[in-house]
Amino acid sequence: MVDYRNNSFGNNRNSQNSSRPSYGQEKKDPVQEVKDWKSNNLCYDSAWIKNDADERLVEYAEKAGEQLAKTGLTTSKIRSIYGEIKRIQVSDFDKNKPSFYLLKPKVAYAVGRDNKNKGLILFQLIFNECAKDVTDKKSYQNFCNFIEAILAYHKANSNEK
């Protein structure tokens, strides 16, 4: 009997996958790669959300946006999250606090659907880090500006049209 599972067409689950590391190479955990990048770059400052932006925020946003673009975050992956951020911003934050708190699980769900996307994982880490500093309308506005700056640099560096 012929075993057709290992055919030469490469369209089955048991065939060699070119994304697998070659002999002697160890495949890194995507979450660990993202954490390594974060630890080797600028640190987030909670004053950007609690108080106001400064030139370091712009530098952080630029580096983060570049990294998001490099690591495969697409606009479609974060469209619904960004849309909800903007919807809350336009309406009254105090009336929409529950919607804001539900953004964290929404981001987690997006990562769960595509847990190998390093850009999405990085976005989640940044989002979770700065969302905890949002307490009122002013800090939410600063949060929106921060996320918008990162996504602007992401768009500027992405190959998407």
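Two aromatic rings of Phe, Tyr or Trp (its six-membered ring) make a pair if their centres lie within 6.5 Å; planes under 30 degrees apart count as stacked, over 60 as edge-to-face, and the rest as tilted. Everything below comes from a predicted model, where local features need pLDDT of at least 70, side-chain atom pairs count only at pLDDT 80 or more, and totals for chains, interfaces and linings use all residues. Residues are numbered from 1 along each chain as its sequence is written, and side-chain values use heavy atoms, with hydrogens and water left out.

**View 1. One aromatic cluster brings together seven named rings: F93, F100, Y101, F123, F127, Y140 and F143.** Searching the whole structure turns up 13 aromatic pairs. The next two views pick out pairs that involve Y140.

**View 2. F93 and Y140 are stacked.** Their centres sit 4.8 Å apart, with 20 degrees between the planes. This pair links distant parts of the chain: F93 is in the loop between α4 (75-90) and α5 (97-101), while Y140 is in helix α8 (residues 137-157), 47 residues apart. (Helices are DSSP runs of H or I with at least four residues, strands are runs of E with at least two, and both are numbered from the N terminus.) Both F93 and Y140 are buried. Buried means under 20% relative accessible area, exposed means over 50%, and partly exposed is in between (1.4 Å probe, protein chains only).

View 3. F100 counts as buried because its relative accessibility is 4%, and Y140 does so at 2%.

**View 4. D45, D54 and R56 are linked in a network of salt bridges.** A salt bridge is a side-chain nitrogen of Lys or Arg within 4 Å of a carboxyl oxygen of Asp or Glu, and by this rule the count comes to 8. D45 and R56 meet at 2.4 Å, N to O. D45 is in the loop between α1 (30-39) and α2 (47-50) and R56 is in helix α3 (residues 55-70), so the pair ties together parts 11 residues apart in sequence. R56 also meets D54, at 3.5 Å, N to O. D45 is partly exposed at 22%, as are R56 at 37% and D54 at 27%.
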